[in-house]
Amino acid sequence: IITIAGFGSASALAAKPVVMGFSQVGAESEWRTANTLSIKDAAKKDGINLKFADAQQKQENQVKAIRSFIAQKVDVIAFSPVVETGWDTVLREAKAAKIPVILTDRAVNVTDTSLYVTFIGSDFVEEGRRAGRWLLERAKKTPDRTLNIVELQGTVGSAPAIDRKNGFEQAIAGNAKIKIIRSQTGDFTRAKGKEVMEAFLKSQGKNINVVYAHNDDMAIGAIQAIEEAGMKPGTDIIIISIDGVKGAFEAMIAGKLNVTVECSPLLGPQLMQVARDVLAGKPVPKRITTEEGVFPAEVAAKEFPNRKY
Ligand code: AHR
């Protein structure tokens with residue numbers, strides 16, 4: 001019997017189906033729905049027994065779910081952490097129980113990185129940079145124009161909200177005419193994106209030239225608020241967002257959204273493969289980064305039929 005990195009034995013694992021405990025953030029966006037589907041489908045296809053828990057965007061629910069997976073002695077735990085910090089204790093418990101942990105989609109901020117085996121997901125800082133670079137290119141058309149940006153941030157303390165803000169700020173830094181005038185969280189949801197945009201419009205009105213939304217759902221909420229205020233999103237106000245869900249492509253085709261930076265939720269097949277590799281004792285990279293593109297409105301109609309989420 002070969003003992004694998006302290007996580008079990010090859011012969012025992014071959015005998016029974018792999019059990020994976022997965023703690024999902026919630027169902028806050030079109031992206032998340034596609035991500036959940038991808039994970040459930042991939043587990044089914046791969047013959048992995050998936051124990052799925054929806055945390056409804058609450059860290060305490062994720063901690064409870066992970067503790068319950070440990071108590072059930074699952075073979076592997078995977079989760080998409082709602083926020084970056086506060087994971088050390090529960091991850092130490094998983095390590096003590098010799099259950100490997102795989103992070104998907106979002107990173108954690110822990111001092112001991114041996115508490116998880118690998119992290120599969122996008123480079124959120126780069127996504128923010130791509131959004132900022134797109135705006136810089138666009139600004140070249142009107143070099144004398146000041147561009148006042150309002151930013152709709154994702155969930156406070158989450159990796160994508162922190163990183164997408166940083167990346168975007170890095171890209172636009174040093175341009176006196178391009179500046180963020182207001183920034184607030186819309187918690188990655190359509191309803192909150194709309195609510196926050198309404199407040200921005202009330203306080204800033206026609207001063208707003210650009211919306212930078214950390215995800216498509218908030219951008220779609222903002223589009224509704226702008227239309228209700230009697231303005232044309234995509235024309236009167238430039239709209240930039242992240243994810244690349246079908247709803248964003250529809251908005252681009254309708255001329256209401258200017259660009260979406262892709263963030264793929266289709267992590268399921270890769271997660272199942274990595275879980276099998278970890279349990280088989282194969283070495284896996286500490287960071288597995290998803291490949292993604294940028295889709296401006298000009299290519300939306302052509303790309304739409306190819307979109308898988
Ligand atoms: O962590 C990925 C982000 O979470 C997606 O951009 C967003 O739509 C989701 O809610």
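Predicted model: local features only at pLDDT ≥ 70, side-chain atom pairs only at ≥ 80, totals over all residues.
**The chain as a whole**

- The protein chain has 309 residues, and 48% of them count as buried.
- A compact globule with 309 residues would have a radius of gyration near 19 Å, and the 21 Å of the protein chain agrees with this.
- Along the principal axes, the C-alpha atoms of the protein chain fill a box of roughly 70 × 40 × 30 Å.
- Of the contacts in the protein chain between residues at least 6 apart in sequence, 75% join residues at least 24 apart.

**The surroundings of the ligand**

- The ligand is surrounded by 13 residues, of which the closest are Ser29, Trp31, Pro160, Phe188 and Asn215.
- Two or more residues of this shell come from each of helix H2 (30–46) and strand S9 (238–243).
- Sorted by class, the shell around the ligand holds six charged, five nonpolar and two polar residues.

**The packing of helices H3 and H4**

- Two packed helices are described by the angle between their axes and by the distance between those axes.
- For helix H3 (residues 59–71) and helix H4 (residues 88–96), the angle is about 10 degrees and the axes are 10 Å apart.
- Angles under 35 degrees count as roughly parallel, and H3 and H4 are therefore roughly parallel to each other.
- On the H3 side the contact is made by Val63, Ile66, Arg67 and Ile70, and on the H4 side by Val90, Glu93 and Ala94.
- By class, the contact of H3 with H4 has five nonpolar and two charged residues, and no polar ones.

- Most residues other than glycine have a negative phi.
- Lys73 is not a glycine, yet its phi is positive, at about 55 degrees.
- The place of Lys73 is the loop between H3 and strand S3 (76–79).
- Asp187 also is not a glycine and has a positive phi of about 55 degrees.
- Asp187 lies in the loop between strand S7 (178–185) and helix H7 (190–204).

**Distance in sequence and distance in space**

- Ile253 belongs to helix H9 (residues 246–253).
- With 14 other C-beta atoms within 10 Å, Ile253 is partly exposed.
- Ile253 and Val299 are 46 residues apart in sequence, and their C-alpha atoms are 8.9 Å apart in space.
- Apart from its neighbours within four places in sequence, Ile253 is in contact with Ala300, Ala301 and Phe304.
- Gln224 belongs to helix H8 (residues 216–228).
- Gln224 is partly exposed, with 17 other C-beta atoms within 10 Å.
- Gln224 and Val278 are 54 residues apart along the chain, and 45 Å separates their C-alpha atoms.

Conventions: Residues numbered from 1 in each chain as written. Rg over C-alpha atoms; globule rule 2.2 N^0.38 Å. Buried ≥ 20, exposed ≤ 12 C-beta atoms within 10 Å, placed from the backbone. Contact = placed C-beta atoms within 7 Å. Helix = DSSP H or I, 4+ residues; strand = E, 2+ residues; numbered from the N terminus. Near = placed C-beta within 6 Å. Nonpolar A, V, L, I, M, F, W, Y, C, P; charged D, E, K, R; others polar. Axes fitted to C-alpha atoms, helices over the stretch in contact; angles between N-to-C directions. Parallel < 35°, antiparallel > 145°, perpendicular 65-115°, else oblique.
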